[in-house]
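Here are my notes for your first look at this model. Keep the structure open and check each point as you read.

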Amino acid sequence: ICHFTQRSSTLSFPKICNLFWRFHHPSTSHLCSCSKTVSDEKYQDPFQLGRKDLKNLYEDIKKELLVSTAELKEMCDYYFDGKGKAFRPMIVVLMARACNIHHNNSREVQASQRSVAIIAEMIHTASLVHDDVIDDANSRRGKMTVNQIWGERKAVLAGDFILSAASVALARIGNTTIISVLTQVIEDLVRGEFLQLGSKENENERFAHYLEKTFKKTASLIANSCKAVSILGCPDPKVHEIAYQYGKNVGIAFQLIDDVLDFTSCSDRLGKPTAADLKLGLATGPVLFACRQFPEMNAMIMRRFSKPGDVERARKYVLQSDGVQQTTYLAQRYCHEATREISKLRPSPEREALIQLTEMVLMRDK
């Protein structure tokens, strides 16, 4: 068992997670013990380091979204208000620099690599607009959703429009490999949404289903965007795989912590209602782990928490169980694997910032 310093003392992993982990990471079935990954003198604030390359990011996105109708422009501007953390573009530009330095010690981000960061944020935002329609959500990032203000039909069209503008920007890069890598993201987003609409009866299948959905809906975008900038900056396929694996592992960990926060954070901090996933009928990591201790949750999962009182009871079971801790430990394992991968690159401030980012993913509270 790995010994982790974060949160609290380690509990044993359920067998299903170890099996799933080995299936996905055949070379890492016995991970070494991990202490703090970055020493203080090496500390690099990812947001500070990535800021230079992300200057005017939202203005540049708005240039991609030049539209004739005032209403569509207003809807796009509403989401690209510059108040987001730009988490995904930041990972992309840091990865671009880390790969460029590894390859030929170049410290500049190429224009095409920065375009990938812009496209990643556009695809991500389009997926949020569509998700909010599917979930009938009324708040996102602390404000009303597009579908609540303009209605579902227009929200769907706004999401489609942002995706089409991202596709135009992608074509402009003029590299068929990059087009292929990033269009995979769009396919994965759709497949992930379909996975989320389905459910599995068998407990082991259910966890694999959940992690596959998590990869497709959240991690694929980060993994493939990282891979894209590595291809643009370095010809070595080993580097492309490092970039992809880092993005995949950080992306899965990010979503696992998101699923934890749905139970532990207050809605004011999250900028959206808590227990939202339960209300949507979704069994996330904390629920699936809690189900091992409270088998009576199985029936609730199968009926997607649809009976009166199901949501409150399920939430109580999760908080009484070790589901939150177990999901956090699983996220730690994914972050540890991301760190192991990125550490194969030549040392650079950007590489250290990407390592630091794995810590920030685990410690975030909103």
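**Helix packing and cavities**

1. On the H6 side, the contact residues are Val116, Ile119, Ile123, Ser127, Asp131 and Ile134. On the H9 side, they meet Ile178, Leu182, Val185, Ile186, Leu189 and Glu193. By class, this contact of H6 with H9 holds nine nonpolar residues, one polar and two charged. Bear in mind that the model is predicted.

2. Now the geometry. Two packed helices are described by the angle between their axes and the distance between the axes. Helix H6 spans residues 111-135. H6 and H9 pack at an angle of about 15°, and their axes are 12 Å apart. Angles under 35 degrees count as roughly parallel, so H6 is roughly parallel to H9. The crossing of H6 and H9 is right-handed.

3. Turn to a second pair. Helix H5 covers residues 87-104, and helix H18 covers residues 349-363. At what angle do H5 and H18 pack? The angle is about 150°, with the axes 8 Å apart. Angles over 145 degrees count as roughly antiparallel, so H5 is roughly antiparallel to H18. H5 and H18 cross in a left-handed way.

4. Which residues in H5 meet H18? They are Phe87, Met90, Ile91, Leu94, Met95, Arg97, Ala98 and Ile101. Their partners in H18 are Glu350, Arg351, Ala353, Leu354, Leu357 and Val361. Sort the residues of this contact by class: eleven are nonpolar, none is polar and three are charged.

5. The largest cavity has a volume of about 200 Å³. It is lined by 16 residues. Closest to its centre are Gly198, Ser199, His209, Leu282 and Ala283.

6. Which helices supply this lining? Helix H9 (176-197) and helix H10 (203-233) are the elements that give two or more residues to it. H10 gives the most, with four residues.

7. Six of its residues are nonpolar, six are polar and four are charged. Find both places in the model and look at the side chains for yourself.

Notes:
Residues are numbered from 1 along each chain as its sequence is written. This is a predicted model: local features need pLDDT of at least 70, side-chain atom pairs count only at pLDDT 80 or more; totals for chains, interfaces and linings use all residues. Side-chain values use heavy atoms; hydrogens and water are left out. Axes are lines fitted to C-alpha atoms, for helices over the stretch in contact, and angles run from 0 to 180 degrees between N-to-C directions. Angles under 35 degrees count as roughly parallel, over 145 as roughly antiparallel, 65 to 115 as roughly perpendicular and the rest as oblique. A crossing is left-handed if the near helix is turned anticlockwise from the far one by less than a right angle, and right-handed if clockwise. Contact means heavy atoms within 4.5 Å. Ala, Val, Leu, Ile, Met, Phe, Trp, Tyr, Cys and Pro count as nonpolar, Asp, Glu, Lys and Arg as charged, and the others, Gly among them, as polar. On a 1 Å grid over the protein atoms alone, a cavity is a set of points where a 1.4 Å probe fits but cannot get out, and a pocket is an open set with protein on both sides within 12 Å along at least five of seven lines; lining residues have an atom within 4 Å of a point. Grid points are joined across faces, edges and corners, and a volume is the space filled by probe spheres set on the points.
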